[in-house]
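Thanks for making time this morning. I would like to walk you through one model, starting with the chain as a whole and ending on a single residue.

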Amino acid sequence: MPKLIGYIGTYTKGDSQGVYSFTLDTDSAKLGDIKAVAELDNPTYVNLSKDNKSLYAVVKEGDKGGVAAYQINQQTGDLTATNRELLDGSSPCHVSVDSKNNQVVTANYHLGTIVSHKINEDNTISPALSVMQHEGTGPHERQEKPHAHYSGFTPDEKYVVAVDLGIDKIVTYKISEGKLEEIHSLLVKAGSGPRHITFHPNGKYAYVMTELSNEVITLSYNSETGILTELQYIPAIPADFTENSQGSAIHISSDGRFVYAGNRGHDSIAIYRVNEETGELSFVEYTSTEGNWPRDFALDPTEKFLIASNQESSNLVLFSRDTLTGKLTLLQSDVTVPDPVCVKFLNV
């Protein structure tokens, strides 16, 4: 598999046309073949079905927002529109799909809602089946109301977990036939502003990146009850860094040994080693993202590389990854994509 295909979700407030594709040549260790493959408004987050047949993008359309579905040409990376489902109000900021390509869930930052859809046999999206409205506030000036920033499936896919920056909560929903039912909520440290979550491959732990307090929270996960419990808080930026910085994405290697967390402002990726017995993290090092405001990043399917997207400097950055130490080495930083937000690869 010398060339891997990936996708970039973007803001279309500047030069961006929508969703872009790119390739990673694993032999030459080069990113290239940047092209627009779907023209739509603010597809800031995209996700792919496990079978590589479908891409789902959040979308804005006038005074409505929702999710758009596309068929993927797995040879060329080109996209063909399938359908879109919209609701009144702002567009979502995050979208996830389950492994069987049966259900899609979105999180809406501005509305504080989690929305679920069924995926039909023809890969079109059904109208919304559940709209779960979060309630509350937090002590930070940006926590004047709920701000749902993430929704995704637990490893066993029995539950959907929603992360709400505005109310410092992580909410667990039971999902059945696309319908959501709240079963538990975890209130984390006041003013921390939890943003994104990633689960350990063993299904016992999860890691949350906070946007406002710039920390990573280690949680235990009970797959029987869906309950998450706090275990550890660890800083994501140096103690002496006093400029504005906001946590962004968080991802874990498939062997469960390393966690990576993005920092916008400090413009870095923090690397942590996972204690296999306790799930807790120990800091390894920071790596500069060679740009401004790293909104997201992704490990490629081989996990020998990591690609970061710098939103404000409009560049992708390629690193090689040492699978033994977790450390990153810069390979390429001059790949231009306008206002990039998220990075996803086709599965192999």
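What follows is a short account of the overall fold and then of one position in it.

Please keep in mind that this is a predicted model, in which local features need pLDDT of at least 70 and side-chain atom pairs count only at pLDDT 80 or more, while totals for chains, interfaces and linings use all residues. Residues are numbered from 1 along each chain as its sequence is written, and side-chain values use heavy atoms, with hydrogens and water left out.

The chain has 0 helices and 28 strands, where helices (H or I, at least four residues) and strands (E, at least two) are DSSP runs numbered from the N terminus. Its C-alpha atoms fill a box of roughly 50 × 50 × 35 Å along the principal axes. Of the 348 residues, 59% are buried, meaning under 20% relative accessible area with a 1.4 Å probe, protein chains only. Among contacts (heavy atoms within 4.5 Å) between residues at least 6 apart in sequence, 49% join residues at least 24 apart.

Leaving aside neighbours within four places in sequence, Val-335 is in contact with Leu-31, Ile-34, Ser-314, Asn-315 and Leu-316. For Leu-316, which is 19 residues away from Val-335 along the chain, the separation between the two C-alpha atoms is 5.2 Å.

Terms used:
Buried means under 20% relative accessible area, exposed over 50%, partly exposed in between (1.4 Å probe, protein chains only).
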